Protein chains: 2
Amino acid sequence: MKIVLDVSGGDHAPQATVAGAVQAARELGVEVVLAGDEQMVRAELAKHNAAGLRLPIVHAPEVIDMTDHAGQAARRKKASPVAVGLRMVRDKEAEAFVSAGHSGATMAGAVLIVGRVPGIERPCLAAPFPSVGGNLIVADVGATTDCKPEYLVQFAHMTSLYAQRVMGIHNPRVALLANGEEATKGDKLVQETHALLQGSTLNFVGNAEPKDALAGDVVDVLITDGFVGNLFLKQAEAVAKFATVLAKRTLVPRLFWRVTLGLLPTALLVALGRSRGRVALAGLIGGPALLAAVAAPLAGLRTVLDYRAGGGAPLLGVNGVVIIAHGKSDAVAVANAIRRAKEAVEGGLVAAITDADQHVQISATLAA
Amino acid sequence: MKIVLDVSGGDHAPQATVAGAVQAARELGVEVVLAGDEQMVRAELAKHNAAGLRLPIVHAPEVIDMTDHAGQAARRKKASPVAVGLRMVRDKEAEAFVSAGHSGATMAGAVLIVGRVPGIERPCLAAPFPSVGGNLIVADVGATTDCKPEYLVQFAHMTSLYAQRVMGIHNPRVALLANGEEATKGDKLVQETHALLQGSTLNFVGNAEPKDALAGDVVDVLITDGFVGNLFLKQAEAVAKFATVLAKRTLVPRLFWRVTLGLLPTALLVALGRSRGRVALAGLIGGPALLAAVAAPLAGLRTVLDYRAGGGAPLLGVNGVVIIAHGKSDAVAVANAIRRAKEAVEGGLVAAITDADQHVQISATLAA
């Protein structure tokens with residue numbers, strides 16, 4: 001299997017991308033095509049022991065910046081890794097493309113170069129999101145901002161197939177993101193989509209509020225439009241960050257009490273045994289330990305909410321496997337994204353979406 | 001000043017509502033009209049020392065349940081506190097109405113009975129939301145689900161007036177909730193509203209992502225439609241709840257290390273002084289103290305995110321002061337909502353929104 005990686009894409013490129021590619025080639029046994037400026041890639045690759053690994057380089061010297069226009073970048077920069085990689089997928093020279101770079105450019109480029117699956121109106125980006133019960137898949141998180149009910153129904157079908165074929169979820173439970181469980185909740189788009197999904201062959205469980213979706217035991221696939229889905233991710237990140245700031249702030253006024261409580265055992269010992277030197281020692285060690293204990297759960301929250309661990313988000317509805325990794329991806333995250341691409345290829349995801357039966361099924365739902 | 005309170009509304013009614021009314025009458029010197037079943041209100045009021053306070057009762061025996069249809073409840077249950085209280089506001093027998101009950105019924109009833117301010121197309125609910133820098137006001141959080149750009153522009157004008165007149169914010173900074181700062185971000189509604197707001201007389205600072213809005217130092221008033229705004233609140237609550245669950249879960253595998261770290265000072269003392277009985281004592285006291293220290297910041301997060309403390313959300317655009325308090329309001333929250341109603345009346349909020357100049361200003365923006 002041949003997977004093209006955008007070596008120039010992402011905040012930590014090319015170090016993280018090349019390191020992730022080396023790791024993926026070693027652990028997964030796949031061929032990772034390194035698309036980027038040849039000299040730069042060669043220099044970076046030389047830092048690794050890549051003997052025996054299949055890591056060919058494809059020269060793609062143009063770089064897409066975050067300031068480039070999403071819709072035009074891949075079209076104008078034909079020698080960029082995004083344009084080169086997507087052409088290889090289109091021409092069946094590679095099975096998948098992975099990028100941690102400008103996600104808008106990759107999404108627009110994928111539609112332009114690889115093209116949509118026949119019958120699919122719009123693509124959707126399906127992102128893994130942590131929940132109490134495990135992982136939730138949210139789509140769309142930003143590929144298609146303004147949606148019609150028919151688009152959302154297709155997102156539901158495609159994401160349900162992804163959940164089955166790639167995530168190994170049997171008969172995934174599909175829900176619509178809304179501000180209440182009742183079918184009368186949500187805006188017009190949600191209400192009309194609700195009616196269509198009820199008449200579909202999907203395992204539609206109705207509307208889900210954020211708290212139900214995050215509980216993780218009632219929903220596997222959460223469907224929404226690209227604007228609301230993108231805000232759903234961003235609000236979660238914002239609240240997690242807010243929580244960290246708040247925790248630091250509440251720590252200050254309560255520090256006295258924390259330290260007092262933390263030193264209580266020591267103080268008691270002292271009262272019983274009278275030993276001043278040892279108290280100072282205990283305070284020196286106990287204080288930092290306490291603070292570390294308080295900060296740990298909040299750091300954990302931000303880690304869990306960071307979707308790097310999920311291995312990137314597939315762009316569903318285009319005629320090839322395209323995985324969008326987080327811009328902040330480190331080497332492990334890049335390797336995970338390549339792994340996800342491999343799983344999508346092995347799971348026959350694009351064929352399943354393209355499959356005539358599925359297509360008829362989707363179309364029948366739309367006609368209903 | 002006379003403020004009508006829905007005694008039957010809210011999860012903790014009538015205990016919390018009557019106690020909140022007594023507190024408000026005492027602290028604010030206002031007359032709080034208790035609308036509810038007379039016998040029930042009288043029995044509840046007898047538990048308090050309300051001598052000298054102005055707390056008249058208006059008999060309103062019908063109860064609106066959470067299962068009642070929002071649009072029809074106030075119309076059908078003419079003897080409910082919502083219908084009775086809103087009629088008093090309409091007939092200028094009272095200056096404001098406060099309810100912690102069925103918010104949909106209160107909002108629909110307010111439009112039906114009190115009516116909209118001339119020129120205002122749709123009402124919006126403006127909720128206080130915590131931010132790092134203080135308080136943010138978010139509107140709409142659920143009054144008008146499907147919006148046109150013109151509605152959002154009116155929400156922005158009304159909420160800006162509320163921020164000035166009631167919250168005392170000078171020249172409030174108004175932003176549009178979006179998934180990016182650029183004017184090209186957001187869905188069509190956001191993009192079209194952005195253009196209208198740029199041509200307005202408001203202090204429009206552009207789009208704000210959730211992380212910018214929650215930072216609190218760039219935005220005072222955050223404008224969005226009622227569907228997205230309601231999800232914005234609900235996603236924040238869901239993530240806060242998720243954080244608490246996650247913290248409890250991460251505590252378990254790390255408990256060994258926490259306890260080890262927490263007991264380190266004691267262990268050192270023991271190593272130096274050899275005293276086994278005292279170690280057991282220290283462990284008994286130190287363990288729970290450590291756990292309490294870890295749980296505290298997360299409990300704080302949920303408290304801050306709970307918008308009870310903000311004193312309820314005004315329904316802007318109706319021809320009177322109507323305050324919606326949280327369904328979970330306790331006595332303090334009810335008293336805060338009554339205080340907010342008093343401030344809105346004193347600030348001349350409805351007159352300001354109705355004011356010809358403001359109206360012209362809003363209309364001019366719409367025509368632009």
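Q: Which residue with a positive phi follows H1(A)?
A: This is a predicted model, in which local features need pLDDT of at least 70 and side-chain atom pairs count only at pLDDT 80 or more, while totals for chains, interfaces and linings use all residues. Residues are numbered from 1 along each chain as its sequence is written, and chains are lettered from A and ligands numbered from 1 in the order in which they are written. Helices (H or I, at least four residues) and strands (E, at least two) are DSSP runs, numbered from the N terminus. H1(A) is followed by a residue whose phi is positive, near 70°, and this residue is Gly29(A).

Q: How far apart are the end C-alpha atoms of H1(A)?
A: The expected span of a helix is 1.5 Å times one less than its number of residues. H1(A) has 14 residues and should therefore span 20 Å, and this agrees with the distance between its end C-alpha atoms, which is 20 Å.

Q: How many of the 14 residues of H1(A) are buried?
A: A residue is buried if 20 or more other C-beta atoms lie within 10 Å of its own, exposed if 12 or fewer, and partly exposed in between, with C-beta atoms placed from the backbone. Among the buried residues of H1(A) are Ala16(A), Val18(A), Val22(A) and Gln23(A), and what covers the buried residues includes S1, S2, helix H2 (38-45) and helix H11 (331-346) of chain A. H1(A) is largely enclosed by the rest of the structure, because the number of its 14 residues that are buried is 10.

Q: At about what angle does helix H1 of chain A run to S2(A)?
A: Axes are lines fitted to C-alpha atoms, for helices over the stretch in contact, and angles run from 0 to 180 degrees between N-to-C directions. Helix H1 (residues 15-28) of chain A lies across strand S1 (2-6) and strand S2 (31-36) of chain A, and its angle to S2(A) is about 165°.

Q: Which residue is the bridge partner of Leu5(A) in S2(A)?
A: Two strands pair if DSSP finds at least two bridges between them. S1(A) and S2(A) run parallel and are joined by 5 bridges. In S2(A), the residue that partners Leu5(A) is Leu34(A).

Q: Is Val33(A) buried or exposed?
A: Val33(A) lies in strand S2 of chain A, and S2(A) is largely enclosed by the rest of the structure because 5 of its 6 residues are buried. Two residues are in contact if their C-beta atoms, placed from the backbone, lie within 7 Å. Not counting residues up to four places away in sequence, Val33(A) touches several residues, including Ile3(A), Leu5(A), Val58(A) and Ala94(A). Val33(A) has 25 C-beta neighbours inside 10 Å and therefore counts as buried.

Q: Which strands stand at the edges, each with a single partner strand?
A: Chain A has an open sheet of 11 strands with mixed pairing, in the order S3-S2-S1-S4-S11-S10-S5-S6-S9-S7-S8. Each edge strand has a single partner, so one side of each is left without a neighbour in the sheet, and these edge strands are S3 (57-59) and S8 (204-208) of chain A.

Q: How many of the 17 residues of H6(B) are buried?
A: Helix H6 (residues 149-165) of chain B reaches 24 Å from its first C-alpha to its last, close to the 24 Å expected at 1.5 Å a residue. H6(B) is largely enclosed by the rest of the structure, because the number of its 17 residues that are buried is 13.

Q: Is the crossing of H6(B) and H7(B) left-handed or right-handed?
A: The axes of H6(B) and helix H7 (residues 188-198) of chain B come within 9 Å and cross at roughly 55°. Angles under 35 degrees count as roughly parallel, over 145 as roughly antiparallel, 65 to 115 as roughly perpendicular and the rest as oblique, and H6(B) and H7(B) are therefore oblique to each other. The contact includes Leu152(B) and Ala156(B) of H6(B) and Leu189(B) and Leu196(B) of H7(B). A crossing is left-handed if the near helix is turned anticlockwise from the far one by less than a right angle and right-handed if clockwise, and the crossing of H6(B) and H7(B) is right-handed.

Q: How far apart in space are Gly109(B) and Ala83(B), C-alpha to C-alpha?
A: Gly109(B) is found in helix H5 (residues 103-114) of chain B, and Gly109(B) counts as buried because it has 29 C-beta neighbours inside 10 Å. Ala83(B) is one of the residues that Gly109(B) touches, not counting residues up to four places away in sequence. Although Gly109(B) and Ala83(B) are 26 residues apart in sequence, their C-alpha to C-alpha distance in space is 6.9 Å.
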